Every structure is written in structure tokens, then in C-alpha cells.
Amino acid sequence: MHNRTYHEAGWRGWLLGLAMIALSPAATAAPRVDFGHYAPGAPMVSLEIDDQALVHQVGYRDYRAHVGVAPGSHRLRVRSADGAVITERDLELAPSDSLVLFLAGDGRADLPYQLLVSYDHNHPIEEGSMTLQSTTLSVVRGAEGQLQPTSLGTQCGSLQVRWTTSHFANGTEGIANDDIGLFGGYSLSTGRNHCITLLASSLDASEPQAHVPPSAAGLRLREVISGNGRDYPLTIDYIQQAVEQTVQVVGATSAIDGLWFDPNNPGSGLLLAHAPTEADPHRVKAIIYGFGRQAQATWRVLDGEQILQFAGGDPDGTRAVVGVGRTEAEIRFHACDFASLRSLSGSLIEFTALPNLQFPRDVILLRKLLPAGCNPPGVG
Amino acid sequence: MRTCILFLAALLLQVSSQVRADPLLLGNFAGDVGPVDIHVNGQRVAAGLDYLDVASIDQPRGSLTISARSATSGAELAALQVVFKAAISPVQPMLLLASTGEQGAPELWLQQESRLDVADFAERFPDSAFLSIINASTIESTESLDSGFQLQYQLACQRSRTSGSGFGLPQLEPIEWLTTVDAEVGSLCTLQLGFTPAGAFEVSAIPVRSRESVRFLIVGNGETIPFQLAVLAGDQLHAVADAIEVEPGPLLPSNQFWFDRSRPAQGVALFEMPGAGLLHGTWQTFNTSGEAVWYLLDGAARNLPGDRDLTIFAVDMEDGLRLTPAGTGRLTYFNCNEAEARFALSGQPVRFLRLERSEPVDQCYALE
């Protein structure tokens, strides 16, 4: 009887976007909004939401977690101590959102002070690893006033340095340019594979600064690069967001067969089936139930990593022509009823009710709806 | 006097360049006009070119009046006036007859220029070849996201790999690129091409040689002439690939997925609620326009064991997620692994599916 109630609730939840409360932590959680001041040269500020001040006296490199904002549409304003509005913007906040508002820019005409939104990535953290989300807000200018890139390198254990070069120059787009690092084997408990972050300005040829970020299995860490390389030196701030229970990665078996969905975005589903091959014993195939450009229901097939679109077929189902899709996706299973879906190339947003994988989140967390739990073998 | 000499020299140079002949490929890619003759400046230069035939001639440069005529009736099918120039890139000029005109009328088109034209091509790219995808089918490209079509391709050669996608490929306006060729052994390429709604194509072991053109031509109209991918390596027709059709067999191997062996391009996922006599499911099929569509199934047990009355719901995201009753159906289990489904969508003929479970089971909730 319990099963029946569960199934019906789940089914309706998938169909109507209701319920699924038990499965969806987002449905019960309030959004998380943090605020950080990383605009070199800007005065101390306060943050107002809908004309109500939330935080006061926030100076450069000051970070305030959980400022407390309810879901809905909001008008945000950043004011200096003398009451002048430095910058403002609108924000649409969903219950499941987790984000940071960064005050950034240097106040010049080509890079005014602005409030950027940076969504937390939601990768489940796999065993023995942590995640590092990097946001570059440095504003370094050359002698002529032109913006200069900041170089950022990461070296973990014996792994080679991965250099990225970026600078904050998003103008007024209002979206932070984030990078995400997933460090396998990066664990404080074992002392292995410590990571070093190297930071260098292109303004001079001096040795790059070396920073050692905190590390621990399950740590969800942000790093923020800020400064102007002159009166405000380039620097990295580390913000510990959470230490989470890590998840395992399990190989697919027929125990995962069934209907899966994203509780945060009901409407699209995946009918998953274990389809092993000799070369890949954990290969899966799936029918993806989604929607076309005119909002009509349509379906595609995920075969291994490639998503195939049908070019057409007849209503009798005797003939169909396959279209090779360029979209590629990967599913990692963490339990019989918990998986994460990530895009390898292309976008899923074209044909599903799922959010774009690149923004605001990088993975979609899937829960198994039917049948519940692990399938017993040989029973249907 | 000196001016006069220079003028005469220039005139001589122009005349000599006009009479110089270059190789010109001729191809018939218009599927429904029968064999054709090609006439250039009033002279027949090729006779009886069938569909997908390719010929090579030596053609003097200069102004050309070209016509394609039916080899049987002599009637003019298409005409073109064009200046035939010296090729400066690896594009080997080609005259195509394709059904790209209004309502599929045949058209002549001379491909002899390229956005990749480089005067000193041979010196700058000595080990490269020129490749192009050309839509010579009746499918017209549009900018509309609603009525357009999608093109996706992946080309993998021994040394290089490229891919792309987008909405549409205008007729006879090729996608072009250069690829590096191993000078000693040549290069072998594989092209996967998705051209919705024409279908998917795959051609492998395409020989690519240095300073030579490889053309991938999508041809056909999908009605009287099937959509095909013709591959020309140099002046040779290397392959003609048909659209890839779904292989017979279930779309998914799962004990929740049912299919009809004689109608394998659709399927049904069924979830019986243990002990409840309730059924939830999905049905993925194609509508009368040939578009992939899925429905939700909600079922309840009837008096007869193994029988389920079904309500079929259409789903859309017009204004948020919306369910609309679209028909009714009945499902009858014969045993744990065989069943019959009858789907009656409003205003459409009833569809019967003789279902079998794609992964048979020993026990099932359906007959409990």
C-alpha cells in the first residue's frame, strides 16, 4: 500500500510538477544567497533587496553568507555609506537557487561597479574528491588603461599545471564567468595530491604567487580572484561553502532500469535501460521524453553517450529514419535511484524541460521514479 | 609605339588565357529528369548522363552558355550563362544539375569559387585537400526555427577531426573546409551526417588526396527519389549512402519496455503498481506528419484479469506542463511477456500493437 501511494504521488509529480516533495530537497529548502564585495576601490557598501537593507558595512574582500532572500522577483541595490546607489539589478530567485552576488568592477566607464550573479555548481562530490569553483573578478589595467588578463594555474600532486587566463570584463551582462575544477584524489585526510594555485598578473614578469587552498574530501570550495595589481594586489580568497557527504560512482546494471526524472524540473523524463556491450559492460540506453521548439512532446534516444534524433517515421512504426545528433551526454550512477547527467557537447535545453546544463548548473541530478529503488532481477 | 606593344601583349595574354582548357566535372544530381546531355556554347560536351553520373571534360576558360537537355527528347531542362575562370584554390570546378529550382525544377550551377580561395594555395597548404558538403536536394533552408531543419556533421580523418551543427544548409551553398592529408598514404575520412528531416548518413574510408576536392552531396526529394548522400572523391563517385533506418528490434532492452516486432520504430513502457491493478506508462510513436511524439498512459484494471482500460494523455509545454486527454485504449496481458495494446487517438484510426517484453521476466505484477 505504501508503494502504491509512493508511485502515484511520484507519477503525478512528474506529470504535473506537483508533489515529489519527499524526493526533492529543493522543494523544502530556501534559496541560498551570499554577498561578496570584490570591487577594488569601491567604498564600503550595503545591500538592499526591495528597498530593505540586508547587510551593512561590507568592505572590499568582505564576504557575507546566507543574507536571507525569499524566492521571487527582487530589485537589488548596492549603496555606499552616503546613500548613493552604486549599482542595481533585478534578480529572479527560485527556491532551489544557490548563488553568490559579487560586487565587481572598478567604477570606470568601461567597467562600472556591478552586481554579478554566480550560481553554485551542483556536482555531487564523488568519493575522495572535492570541488573548487573559481571566479575571476580581477581588474588589472595596463599603462593605457586597457584591461589585462590574469593567469591562474592549478597543480595537484604530480599533475601538470593547468593554466587559464582570464579577466573580468563582462561589462553589464551581470553574469560571472566561472570555472569549475573537480579534483580526484584531492583529500586532506591522506595528505596526497595537495593542490597549489598559482596566480600571476601579466603586468610584470615576477614569479607567480603560490596559494594552497584548503582541502578535504567532500569540500565544496569557492575561490575568488580579485585586485587590480596596483594599489589592490592580486589575491585569492577561499570560501568554504560546505563539507558534504560524498557519493560513490557505481556501474550500471539492470537494477537501474526504469523511469527517471529531475525533481526540480518535472515534465521531462528518461526511460533508462542497461544495455551492456562487450567493450562497455555498464553502457546504458535511454528514451528521453522532452519537448520540441513548438512545445510539443517529442522523444529522442540516448545510446551510450550520443543522443539520436529521429528524422521521421510513420505512424504505424514500421519505419523510422535516424538523425545523428551532435548532442552528447554522460550519466553517472551513484545508487540504484540516484544519478547525475552532464552534457559533453551540445545542449539538452533544445528538446527537454531540463535546464541548460551549463547555466546555471553544470549537472542535472536525476532520481528514479518508477519502479522505486533497485529492481529485483527477473521481475517486471 | 610602346603603348601599342603593351596593348597587343595584354590582348595576346587575354586570348591565350581564354583558350586555355581546364578540367571541368559534370554531374547529374537531378533525380527525376532522366538522362541528360550537356551543351556548352552550342556544342554537346557530354551525352546521356544518368542520375548520379559524373563526367570530366577539358573546358576552355571564358564566357559559357550552358544548357542541360533531355537525352531522349532534346528538350532544354535548364540553362546557365557563366564565366569559367581559372581555379586558384583546390576547388576543382564542377557543373551540377540539381532539382533545387522552384517545385523541384532542375537547375544548373557551377561550383568554381570558394571562400577558401588562396592565390598561392599550393605553396601555403601543400598537404591539404578541399572538402565540401552541398545540399543538392529539394530541401530548402529557412531561417525559421519552427519550419527549418537541422544539420549536424562529424568528419574524422586520420589527422583531423571537425564537427558542426546548425539550422539548415542553403541549397548549393557549400560548407567548406581544408583537411590535412598524409602525403604518403593519403587520408581516409569518415563522415557522419545528420540532415533532419532527410535522415542520417555515414560514409567511411573516403579517400582524400592532396590538392583534390571531395564533395558530399545530399540529393533526392524524399518522395520519388530517396534522400541519399553522394560522395565524390576527385572526379570519381566514391559512394552513395542511403539514410540509416532503425534496425528491427526494440529501442531499449529492458523488462519495462515492450515493442511490436513488426512495428519496431515505436514502443511502450509499462509500469504496473504492485497489487493495485494500476498501470502507468508511456507510448513513443510518430504522428501522421512523421514527427516523433510521446503520450502518457494511465490504466486501471477491468473485471477481466490482465485487462487494463487506458486513458491516453497528450503532453505539451505550451504554458507550463499541460496534459490533455487524447484518446483511450485497452491493454490485455496474455502472460508476463506478451500483451496486446489497442490505442484509439481521437480522430485517428485505431492502432493495434502485438507487444512483447524486450527483456522477458519470470514473474510479473501484471497478473498478480
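The contact between the two chains draws on 66 residues of chain B and 61 residues of chain A, where contact means heavy atoms within 4.5 Å. This is a predicted model, in which local features need pLDDT of at least 70 and side-chain atom pairs count only at pLDDT 80 or more, while totals for chains, interfaces and linings use all residues. Residues are numbered from 1 along each chain as its sequence is written, chains are lettered from A and ligands numbered from 1 in the order written, and side-chain values use heavy atoms, without hydrogens and water.

**Interface**

- Chain B and chain A bury about 5300 Å² between them, with 62% of it on carbon and sulfur atoms; buried area is the accessible area (1.4 Å probe) lost by two parts on being put together, summed over both.

**Sheet in chain B**

- Four strands form an open sheet in the order 3-2-5-6, with antiparallel pairing; strands are DSSP runs (E, at least two residues) numbered from the N terminus, and two of them pair if DSSP finds at least two bridges between them.
- Strand 3 (43-49) and strand 6 (76-84) of chain B are at the edges with a single partner strand each, so one side of each has no neighbour in the sheet.
- Strand 2 (residues 36-40) of chain B is joined to strand 3 by four bridges, and B:Ile38 has B:Ala46 as its bridge partner in strand 3.
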